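Today's notebook page is open, and I have a few spots to look up. Have a look along with me.

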Amino acid sequence: MELKNLIFTLCSQQGIPGREYEITDKIAEILGENNSVYDIYRDKNNNLHASLGNPDGKTIMLDAHIDQIGFVVTKIDENGFLKVSKVGGMDMRVMNDTLFTVHGKEPVKAVVCCLPPHLSDGNEDTAVSEDKLWLDTGMSKERVESLIEIGDSITFAQECMELAGTKIAGPALDDRCCAALLIRCAEILKDKKLNCKVEFLFSSKEEVGGMGAQTGSFIVQPDEAIAFDVSFAKQSGVSDASSGKLSKGPMIGYSPVLSREIYDRLICIAKENNISYQHEIMGGKTGTNADEISITAGGRKTGLISIPLRNMHTQAEIIDVQDIENTAQLVCKYILEK
């Protein structure tokens, strides 16, 4: 599948933390069609595992989380409005009038209630607080209760779209673009002779603490690992020191948590092959699955590569697909030299 369309497909699947069943089904289906991997299975924590290469060689694990931010229904009031609670780091500044899909007995569209400016006293906060956020389906309470139950998940209704060049925008690009990256790596490597075993971990629950990567890497027990996530891309109001640049290649992470050996080798390979790359220097934890993987079962040598992304944790995240392709090429060259 063409990379952009693959990303669009993955972003269209629902899967808030703990409810990753639909997205794992789709990834397993795609990997099965490629005939490039073996041992595709789900573990008890909703992680999806797949392997490729020499089962008797050293194990290199590639991780990308597949859960997305969203809400869960906590109450249906007497007028049929839905009270909800955040699952993951929803950006409350962009909630007013946002369109969502409630995943009940059938998908139901809902919009965040917003006070008309004519009725406002001008003293409201710019961001709606979670306790004041309600969703409106336009249905009666009876109809709502026939389709929706307490505990049903809610995700952005916005679909991915193309922007200029190879850029795309939409929800769940954090971190479905990196799930697509892992599938692209499997496609590149499937006909190569590998000395190592490559274990793909499509991990759950990153947005609520990284439990999927922690338990998944414990199962795999890799000799080394590379985690893939998104990081901040330069945009208005974001400093150069805390961001990378869109369309300028993968951000190779340096942190006390991470392996300096993997960091140095990835940069060397990028230079040798004229692959555009950027540094991402962190003085402490990374805020990604790399933190959990690196301390699993006595410690794992772990690297981190991030994709520059704008508008993180909104329905209009932006990436450049070429950054995904460049990252896949870099990682595959790293694996092929093992």
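Is threonine 296 buried or exposed? I find that threonine 296 is buried, at 4% relative accessibility; buried means under 20% relative accessible area, exposed over 50%, and partly exposed in between, with a 1.4 Å probe and protein chains only.

Before going on, I note that this is a predicted model, where local features need pLDDT of at least 70, side-chain atom pairs count only at pLDDT 80 or more, and totals for chains, interfaces and linings use all residues. Residues are numbered from 1 along each chain as its sequence is written, and side-chain values use heavy atoms, with hydrogens and water left out.

**Entry: threonine 296.** I place this residue in the loop between helix H7 (289–294) and strand S16 (301–309). Helices (H or I, at least four residues) and strands (E, at least two) are DSSP runs, numbered from the N terminus. The side chain of threonine 296 makes a polar contact of 3.0 Å with that of serine 217. A polar contact is a pair of N or O atoms within 3.5 Å; within protein, one must be able to donate a hydrogen and the other to accept it, and residues adjacent in sequence count only if both atoms are side-chain atoms. Setting aside neighbours within four places in sequence, I list Gln214, Ser217 and Phe218 as contacts of threonine 296 (heavy atoms within 4.5 Å).

**Entry: helix H8.** I looked up H8, residues 321–336, and found 16 residues. H8 reaches 23 Å from first C-alpha to last, close to the 22 Å expected at 1.5 Å a residue (1.5 Å times one less than the number of residues). Because 12 of its 16 residues are buried, H8 is largely enclosed by the rest of the structure. At its start, a side-chain oxygen of aspartate 320 comes to within 2.9 Å of the backbone nitrogen of glutamine 322.

One of the buried residues in H8 is Asn326, with a relative accessible area of 18%. Not counting residues up to four places away in sequence, I see asparagine 326 touching Pro250 and Ile275.

**Entry: H6 against H8.** The axes of H6 (residues 260–272) and H8 come within 10 Å and cross at roughly 110 degrees. Axes are lines fitted to C-alpha atoms, for helices over the stretch in contact, and angles run from 0 to 180 degrees between N-to-C directions. That makes the two helices, H6 and H8, roughly perpendicular (65 to 115 degrees). I note Ile262, Arg265, Leu266, Ile269 and Ala270 on the H6 side of the contact, and Leu330, Lys333 and Tyr334 on the H8 side.

Definitions and conventions. Angles under 35 degrees count as roughly parallel, over 145 as roughly antiparallel, 65 to 115 as roughly perpendicular and the rest as oblique.
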